[in-house]
Amino acid sequence: MTNALTRLVTLVFFTALLSACASQKTGQGLVAKPPSESQIESSVKDQVALMLHAFTPVAGQAIPNNTVLDVYKHRGYSPMWIKDKQINLSIYKLVDILEKANTHGLNPIHYHVGIIKHYLSLKNPTPQQLAEMDVITTIALASYAHDLSNGRYEPQLIDPNWQLDAPSNDWKTLLQMASVNDMVNSLHLLAPRSPQYQILQKWLVYYQELSKKEKDIFVTPGKPLAIGDQGPRVAQLRARLVQLGDIRFSTRKVDEDRFDKQLKQALERFQNRHHLIADGAAGPNTIKTLNVPLKRRAEQIAYNLERWRWLPSQLEANRIWVDLTNYSVDMYLNGNHTTMKGIIGTPDRKTPVFKAIMTYMVVNPTWRVPDRIARENLLPKLQADPNYLSKHGYKVFANWGIGAKQLDPTQINWRAISQENLAFRFEQTPDKNNALGSYKFMFPNRNEIYLHDTPTKRLFRARNRAFSSGCIRLERPALFAKSLMTDGKDLRELAAAMKSKKTKVLTLPHYIPVYLVYFTVVANANGMPEFRNDIYGRDKLMEEAMGYKAFSPHDSI
């Protein structure tokens, strides 16, 4: 490094440190006693590190800072945004991007936009101000790249039941590019590549802009509105559906106050994409849903964009997708897509969100009753009917150890046993009434969650299907099993196992990733936003974490 360049670089960064701990205002400018050459040569690295930590972003984002330090080290601690005493114009493009962070559901305030703009507004910046601008801009770039790629927030700090977090290093790779021009121009590539994310992001922008330009059109509560009705409330309904995109503008003249066939069809579309009963009539629930403010809808979309950022940026072509809020299970295998109904955990026994690898299935499975279910469900039934176990094909063992002795359930005083003291192991033998049915599909995980058959088929007729103790029940398990087998040999082995009526473990010919996911807003087949019921109350946790909910001064530290 030439002496001139050394002096430029070290002066820029050393004076940055002085701004935090040794600068003084004198008149119109800032002055500082310059260090000696030996001081400069021995302390540039430490000074940059201190500068970075002095500008640590909010919300505990320390990782980008460490990465920024590595970036400067890799570049010999030379400025990134200043060359030949000129500010790189890419910094202005970066500021524009950061100011629009809200279009991804992120907050521009987290990326120091105001500070950077302040420095850029200075007509005659001092070396220390240029140093501060350079480092804080790099921190802002790194923070935004990280958040756009991996999400702003730590999912398990928001919701312990959310265990799916697949961090990517793409944002770090971006920071190793040759120039800041390339970095800034490549930022958009860090956002999730799923079409779902891209469509929702556009709807977020739509709701944000619409809520700024016009007021919400609300439907006055009252008696249900149906086809044939007339009056100002019908006009409100029509205008609201236009505002929300369920009615397209038309040149055809319509009677705004009359509830006609076209209005009914538009209302049905609205009801379908809000998981309401699509009867084409505006009853209390429909009107309540219609009157959710545009700003609130934008916030809901923002929560779900963050959830997408917690997933891998690219999903495997072959995968099982358990969509909890849709009560459905989708199979993407070898270019084919199959979907079926599912039953998920109750709100008291939430099905967690996570990813695992499905490796085998069990045909004609024995059900080893989980300890919690034995305590809370099975024991009360035994206390009411001591013969319950024999009637339903259960065996009881002395404990959970290997080789535990099988016991005679009729010789046990079940009423004398409390839930806290229940130590027996219960197993239900394979038959048509077994709680797991004929199939169990395993993807080993710490939650002991799996997919399985069920003898209680009637529950699939329900609209909302949160009935299980956490595992996922399948509507068409036989089809699911056959889809996992890739050739005739595998299918013959499956058929023989079923016919034997004995428990048989079958290793899958190909291991398949399984995603259990939770989205309260998705894009439907027509590209419209579909707002779902927040079954487990997870949106409230997102609201608190992402700062959309006002809090009392008493809640602050």
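Me: Which helices each supply at least two residues of the lining of the largest cavity?

Reply: This is a predicted model, in which local features need pLDDT of at least 70 and side-chain atom pairs count only at pLDDT 80 or more, while totals for chains, interfaces and linings use all residues. Residues are numbered from 1 along each chain as its sequence is written, and side-chain values use heavy atoms, with hydrogens and water left out. On a 1 Å grid over the protein atoms alone, a cavity is a set of points where a 1.4 Å probe fits but cannot get out, and lining residues have an atom within 4 Å of a point. With helices taken as DSSP runs (H or I, at least four residues) and strands likewise (E, at least two), both numbered from the N terminus, the two helices asked for are H11 (232-244) and H13 (284-290).

Me: How do the residues of that lining of the largest cavity divide by class?

Reply: The lining includes Tyr-207, Phe-270 and Val-292, together with Arg-240, Arg-273 and Arg-297. Ala, Val, Leu, Ile, Met, Phe, Trp, Tyr, Cys and Pro count as nonpolar, Asp, Glu, Lys and Arg as charged, and the others, Gly among them, as polar. On that scheme the lining of the largest cavity has five nonpolar, two polar and three charged residues.

Me: What is the volume of the second largest cavity?

Reply: The second largest cavity is lined by residues including Pro-155, Trp-162, Trp-310 and Met-542, and helices H7 (155-158) and H19 (538-546) each supply at least two residues of that lining. A volume is the space filled by probe spheres set on the grid points, which are joined across faces, edges and corners. For the second largest cavity, this comes to about 30 Å³.

Me: Which element gives the most to the lining of the largest pocket?

Reply: A pocket is an open set of points with protein on both sides within 12 Å along at least five of seven lines, and the largest pocket has a volume of about 1200 Å³. Its lining holds 43 residues, with Trp-367, Pro-370, Ile-373, Ala-435 and Ser-469 nearest the centre. Strands E9 (367-368), E13 (439-442) and E15 (466-468) each supply at least two residues of this lining, but the most, six residues, comes from helix H15.
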